[in-house]
Amino acid sequence: MSFSSSYERFFDIPIGPQHPALKEPILLKLIVEGEHVVAADVDVSYTHRGVERAMQERNYIQNIYLAERICGICNVAHTLCYCQNVEGLYDVEIPSRALYIRVLVEELARIHSHLLWLGVAAHEIGFDTLFMYIWRDRERVMDLIEEITGNRVTSAINTIGGVRRDIRPETCERCLKAMDYLEERTKYYKKVCETDPTVIARCTGVGILKLKDAIRLCAVGPTLRASNIKYDVRADDPYAVHDEVPFNVIVYDTNDTLARVLVRIDETLESINMVRYCIEHMPSGPVRVRLKLSPPVGEHLSRVEAPRGELIHYVKSNGTEKPERYKVRTPTFGNIPALCEMLTSKGDYVVNIADVPIAFASIDPCLSCTARVVMLEREKGKLWVGSLDGLRRWRGWG
Amino acid sequence: MNEEDVVSKLKEAFGDKVSEFKTAPRRVFFYAPPEYYKEVVRFLAEKLGFVHLQAITATDLGDEIEVMPHLGRGLTVSVRTRVPKDKPVVDSVVDVIPGASVHEREAHDMLGVEFRGNPNLTRILLPEDWPKGVYPLRRETKLTPPKPIRGGKE
Amino acid sequence: MAMLLEVFRHLFKKRATLMYPFGDREKIPVPEGLRGKISFNRDLCIGCGLCARFCPSGAAELIEDEKGKRPIFHIDRCLFCAQCEEVCPRKAITLTKTFEIAGFDRNNLVVK
């Protein structure tokens with residue numbers, strides 16, 4: 001599709017790099033006709049830190065902490081995927097208690113990430129009250145994670161061979177009480193999201209991704225499950241003890257942002273049940289197996305369901321203490337083609353500029369940021385800088 | 001479908017053009033030469049139902065560059081292909097699986113692999129003013145440590 | 001609209017924010033096992049160098065003193081990952097519960 005610049009109907013709006021909806025500094029280049037977005041492209045180079053190259057210069061133990069810092073919110077998923085990957089090279093069996101603790105911390109991190117996203121999505125549509133209340137309830141999960149692992153973010157509980165710390169009975173008691181409280185609050189938020197007129201008006205019919213497009217463009221995570229496709233790595237390719245811990249894969253079929261909100265709330269309720277199951281059925285035994293520093297020559301691929309979607313790590317080792325090649329594919333990267341499709345107006349489906357923040361936020365990109373928008377009006381030759389609040393209260397050119 | 005079925009169906013369709021099979025629980029790795037790479041990917045996506053592309057990994061092996069897409073949902077099939085480093089050209093699979101566009105752009109930025117047939121091989125991970133011809137994940141590219149910012153020891 | 005009753009009820013509840021550090025400093029819950037500032041016992045150290053080898057950020061640096069090799073720790077580079085504590089064969093390194101470490105001079109942030 002080409003938009004000739006001599007015909008002044010189409011404007012380019014670059015949204016970013018300090019960006020309006022959520023996270024990472026990312027450049028969204030929108031081509032706009034009046035109020036409707038007709039094409040979108042994405043430039044993600046602003047947070048590129050060269051992690052894959054840096055991993056080739058450090059040994060396997062140092063790389064655990066580097067993998068953890070790829071993302072602050074999904075840090076448990078990254079360490080889990082990394083440790084599973086390297087353990088696959090050794091081909092060793094991990095003790096059962098360690099696997100149950102891994103799943104417990106992973107599901108707690110999923111609850112925390114989904115509540116964080118729900119609060120930020122509420123903030124994107126202007127519903128600040130809901131944002132504040134959800135984040136107050138999320139503090140219970142952060143306190144639990146701090147008690148189990150020693151830090152609120154960057155938990156570093158997974159290591160090659162098992163987990164680093166054991167969990168005490170008092171912590172398990174506190175965890176069960178917190179789960180009862182969180183279940184009640186999450187059900188209340190679900191009721192709010194299903195009945196509140198603001199949420200329904202801003203989220204229904206926005207950011208539609210049809211089933212055929214979702215499959216063709218290889219979307220992952222809740223973005224895919226809100227388009228009626230039942231795919232979850234915990235069910236299709238089980239790792240740790242996910243084949244023993246029962247849960248349901250949540251699917252909705254309305255293809256829009258409201259479906260993604262409801263998928264994530266329901267996944268939070270499933271995770272609460274999984275945490276309860278893990279605590280009640282935790283076996284006893286050792287939590288760690290000691291392994292040599294250099295794994296044997298080979299390659300391995302490991303997949304994990306991070307809160308944002310399917311995360312895949314690939315390692316190739318040459319027998320030394322440093323990896324030869326380490327590849328990370330994060331779920332947000334995999335959702336970029338689907339995002340560009342979601343932001344394109346086609347036929348009856350129109351995307352307004354005001355829908356862009358919430359549609360972009362609904363794929364749950366990673367990390368938080370502030371925002372600035374540069375508007376250019378080609379005819380008048382004016383260039384002015386808008387602000388985050390200005391974009392949310394955007395009333396159009398007229 | 002389990003790993004053995006996939007291996008036998010591939011051998012049936014392509015004979016000895018595919019080789020170096022390695023299987024593990026829910027993982028299959030094999031090699032296809034660059035001329036048949038796109039045909040193999042098309043066969044996996046259209047006939048065997050591996051429509052979901054997870055990632056495309058590109059590795060520098062010294063004299064060659066290895067390009068390996070990973071396909072599948074429950075079972076993961078990884079197709080390896082190797083091209084010489086001084087002329088790294090591979091067929092693009094964007095018309096078979098449109099979601100491969102971002103992964104091919106990444107491999108192009110990081111290692112300089114040309115994907116023949118991809119209409120949009122622009123920068124995605126490196127900044128716009130990065131010098132052309134410098135590929136960060138190749139072995140020849142050396143890293144320089146950063147300078148200390150005022151005070152403190154290095 | 002759906003939240004109106006809940007918001008009204010919150011008028012009569014206690015505030016959820018703890019006013020740290022202006023008055024509520026003692027009420028901050030600090031759990032056991034929090035990974036804080038490093039403390040090092042020179043008498044137990046044997047100079048093996050494992051802490052410096054496995055430190056992800058280069059915060060542990062091996063130097064010579066009159067009793068032999070020993071590490072010093074640059075807290076401004078420390079990640080508080082506790083890998084050094086885990087790998088030390090003589091348990092000479094422990095991570096305390098001190099988390100208030102900010103300062104103005106980088107040279108004060110070295111544990112000897």
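## Basis

A salt bridge here is a side-chain nitrogen of Lys or Arg within 4 Å of a carboxyl oxygen of Asp or Glu. The model is predicted: local features need pLDDT of at least 70, side-chain atom pairs count only at pLDDT 80 or more, and totals for chains, interfaces and linings use all residues. Residues are numbered from 1 along each chain as its sequence is written, chains are lettered from A and ligands numbered from 1 in the order in which they are written, and side-chain values use heavy atoms, with hydrogens and water left out.

## Chain A

Chain A holds 15 helices and 10 strands. Helices (H or I, at least four residues) and strands (E, at least two) are DSSP runs, numbered from the N terminus. Chain A has 398 residues, and 63% of them count as buried. Buried means under 20% relative accessible area, exposed over 50%, partly exposed in between (1.4 Å probe, protein chains only). Contact means heavy atoms within 4.5 Å. Among the contacts in chain A with a separation of 6 or more, 70% join residues 24 or more positions apart.

## Glu147(A) and its partner

Over all chains, the structure holds 51 salt bridges. One of them pairs Glu147(A) with Arg174(A), with the closest N and O atoms 2.6 Å apart. Glu147(A) lies in helix α5 of chain A and Arg174(A) in helix α6 of chain A, so the pair ties together parts that are 27 residues apart in sequence.

Leaving out residues up to four places away in sequence, Glu147(A) touches Arg168(A), Thr171(A), Arg174(A) and Pro31(C).

## Chain A against chain C

Here 32 residues of chain A are in contact with 22 residues of chain C. The two chains bury about 2200 Å² between them, 48% of it on carbon and sulfur atoms. Buried area is the accessible area (1.4 Å probe) that two parts lose on being put together, summed over both. Gln62(A), Tyr65(A) and Tyr133(A) supply 21% of the area that chain A buries against chain C, more than any other three residues.

Four salt bridges cross this interface. One links Glu321(A) to Arg53(C), with 2.9 Å between the closest N and O atoms. Another joins Arg164(A) and Glu86(C) at 2.5 Å. Arg164(A) sits in the loop between β5 (162-163) and α6 of chain A, and Glu86(C) in helix α3 (residues 83-87) of chain C, so the pair joins two chains. Arg164(A) is buried at 18% relative accessibility; Glu86(C) is partly exposed at 21%.

On the side of chain A that touches chain C, α2 (60-68), α5 (128-149) and α6 (169-195) of chain A each supply at least two residues. α5(A) gives the most, with seven residues.

## Chain B against chain A

In this pairing, 43 residues of chain B are in contact with 36 residues of chain A. The buried area is about 3300 Å², with carbon and sulfur atoms giving 54%. Seven salt bridges are counted between the chains. One of them joins Glu106(B) and Lys327(A), with the closest N and O atoms 3.2 Å apart.

There are 17 residue pairs in polar contact between chain B and chain A (both at pLDDT 80 or more). β2 (27-31), β3 (53-60), β4 (64-71), β5 (76-84) and α3 (101-111) of chain B each supply at least two residues of the side that touches chain A. β3(B) provides the largest share, eight residues.

## A salt bridge within chain B

Arg123(B) and Asp109(B) meet in a salt bridge (2.8 Å, N to O). Arg123(B) is in the segment after β7 (114-116) of chain B and Asp109(B) in helix α3 of chain B, 14 residues apart. Arg123(B) is partly exposed at 26% relative accessible area, whereas Asp109(B) is buried at 2%.

## The sheet in chain C

Three strands of chain C form an open antiparallel sheet in the order β2-β3-β5. β2 (60-65) and β5 (110-111) of chain C stand at the edges, each with a single partner strand, so one side of each lacks a neighbour in the sheet. Two strands pair if DSSP finds at least two bridges between them. Strand β3 (residues 68-74) of chain C has two bridges to β5(C). His74(C) stands opposite Val110(C) in β5(C).

Notes. Polar contact = N/O pair within 3.5 Å; in protein donor to acceptor, adjacent residues only side chain to side chain.
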